[in-house]
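Hi,

Here is the model I promised to pass on.

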Amino acid sequence: MGLLLKIFIPLLGVALAFYFYSAPENFSEEMLRGKRVIVTGASSGIGEQMAYHLARMEAHLLLTARTEAKLQKVVKRCLELGAASARYVSGSMEDTAFPEVVVKEAENSWGGLDMLILNHIGHTYFNYFNGDVGHVRKLLEINFLSYVAMTVAALPLLKESEGSIVVVSSMAGEPAGPFTAPYSATKFALDGFFSSLRQEFIIDKVNVSITLCILGYIDTENAVRAVSHAIRGTPAPKEECALEIIKSGALRQRELHYPAREVASLLLLQAIAPNFLDSLIRSNYNVENIRR
């Protein structure tokens, strides 16, 4: 009986989680009209596509990334698509003062904030861990600590508006695979911090939602360039992924799994057969194409 419970309870939990995370809800673009939204990492990839979707929904946008020239082009396109307003702040999340600068721009421009979408990532490698502790520390600063700093800076405004925090994470932060040790560490950290913070919000009756987005392999230029030589499988479209992230935040969902079936299957196996899942993950790599 004890063994059956150990198997059944995790299975039931994951099945229920999959049901609630994937159950259809009534999303309307009207939910975002006039909303004041910060999107980080918005100059390319999923962040850029989120900006375009939000622009079509007539939201107010504040976009951040490192490269000013790219941000200028994205802002111009957002205005063409119908954004209520669109502006940018360029800078690096390695700068510990940058989160305060971004949030202050939102406060000065709009007087408040409704949604914070944290999407930026630092540059890393896809290979065997090379022992570079400094790189891990730098990546934690960008991929994790700056998310915390952005949240701390934005929280007074989000409490006032009873808004939403959307955290873009990865399957690398659930069942970790090989060749992404520093990156995986940052994504596991995001899950731990924001899941704990959600509990505190509930205890303190703070009506700010936290949505953790667990993403699989997406066809962004950076991801395809980094891993296509080593991973078997077809990446999911970034445009659809970006829209699902926005929907999940607007609906104040606890988690988004995208692609839903793929991610849910992996999480189910993690709960009931972790060793089998590890072997399955390893079999999905062309290890001979990984050069040390």
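Below is what turned up, going from the cores to the backbone.

A word on conventions: this is a predicted model, in which local features need pLDDT of at least 70 and side-chain atom pairs count only at pLDDT 80 or more, while totals for chains, interfaces and linings use all residues. Residues are numbered from 1 along each chain as its sequence is written, and side-chain values use heavy atoms, with hydrogens and water left out.

Let's start inside. As a general point, nonpolar side chains in soluble globular proteins tend to be buried together. A nonpolar core here is a set of buried Ala, Val, Leu, Ile, Met, Phe, Trp, Tyr and Cys residues joined through side-chain atoms within 4.5 Å. Buried stands for under 20% relative accessible area, exposed for over 50%, and partly exposed for in between (1.4 Å probe, protein chains only). The largest core has 37 residues, and M50, L54, L61, L63, C78, L215 and I245 have the most contacts inside it. Helix α2 gives the most to this core, with six residues. Another core, of 36 residues, lies apart from the largest one and includes V103, L155, V208 and L267.

Next, helix α8, which covers residues 238-250. Its 13 residues reach 18 Å from first C-alpha to last, close to the 18 Å expected at 1.5 Å a residue (the expected span is 1.5 Å times one less than the number of residues). K238, C241, A242, I245, I246, S248, G249 and A250 are the buried residues of α8. They pack against α2 (45-56), β4, β5 (164-170), β6 (209-215) and β7 (255-258). After the helix comes R252, with a positive phi near 60 degrees.

Strand β7 is worth a look too. It runs parallel to β6, and four bridges join the two; strands pair if DSSP finds at least two bridges between them. L215 stands opposite Y258 of β7. On β7, E255 and H257 point one way and L256 and Y258 the other, yet all are buried.

Which cysteines are bonded to each other? None: a search of the whole structure finds zero disulfides, taking a disulfide as a pair of cysteine sulfur atoms within 2.5 Å. For C78, the nearest cysteine sulfur belongs to C241 and is 17 Å away. For C213, the nearest is again that of C241, at 7.8 Å. C78 is buried at 0% relative accessibility, and C213 is buried with a relative accessible area of 0%.

How many salt bridges does the structure hold? There are ten, counting a side-chain nitrogen of Lys or Arg within 4 Å of a carboxyl oxygen of Asp or Glu. D114 and R36 form one, with their closest N and O atoms 2.9 Å apart. That pair links distant parts of the chain, 78 residues apart: D114 sits in the loop between α4 (98-110) and β4 (115-118), R36 in strand β1 (residues 36-40). D114 is buried, with a relative accessible area of 13%. E105 and R87 make another, at 3.9 Å from N to O. Here helix α4 supplies E105 and strand β3 (residues 85-90) supplies R87, 18 residues apart. E105 is partly exposed at 26% relative accessibility, and R87 is partly exposed at 31%. E239 and K238 also meet in a salt bridge (3.8 Å, N to O). E239 counts as partly exposed, at 35% relative accessibility. Salt bridges that share partners also join E30, R33 and E58 into one network.

Finally, the backbone. Most residues other than glycine have a negative phi, and most peptide bonds are trans. E58, not a glycine, has a positive phi of about 65 degrees. E58 lies in the loop between α2 and β2 (60-65) and is partly exposed, with a relative accessible area of 35%. K205 has a positive phi as well, near 55 degrees. Its place is in the loop between α6 (181-203) and β6, where K205 is exposed with a relative accessible area of 75%. The peptide bond from Y258 to P259 is cis, with omega near -5 degrees, and P259 lies in the loop between β7 and α9 (260-272).

Cheers

How values were computed
Contact = heavy atoms within 4.5 Å.
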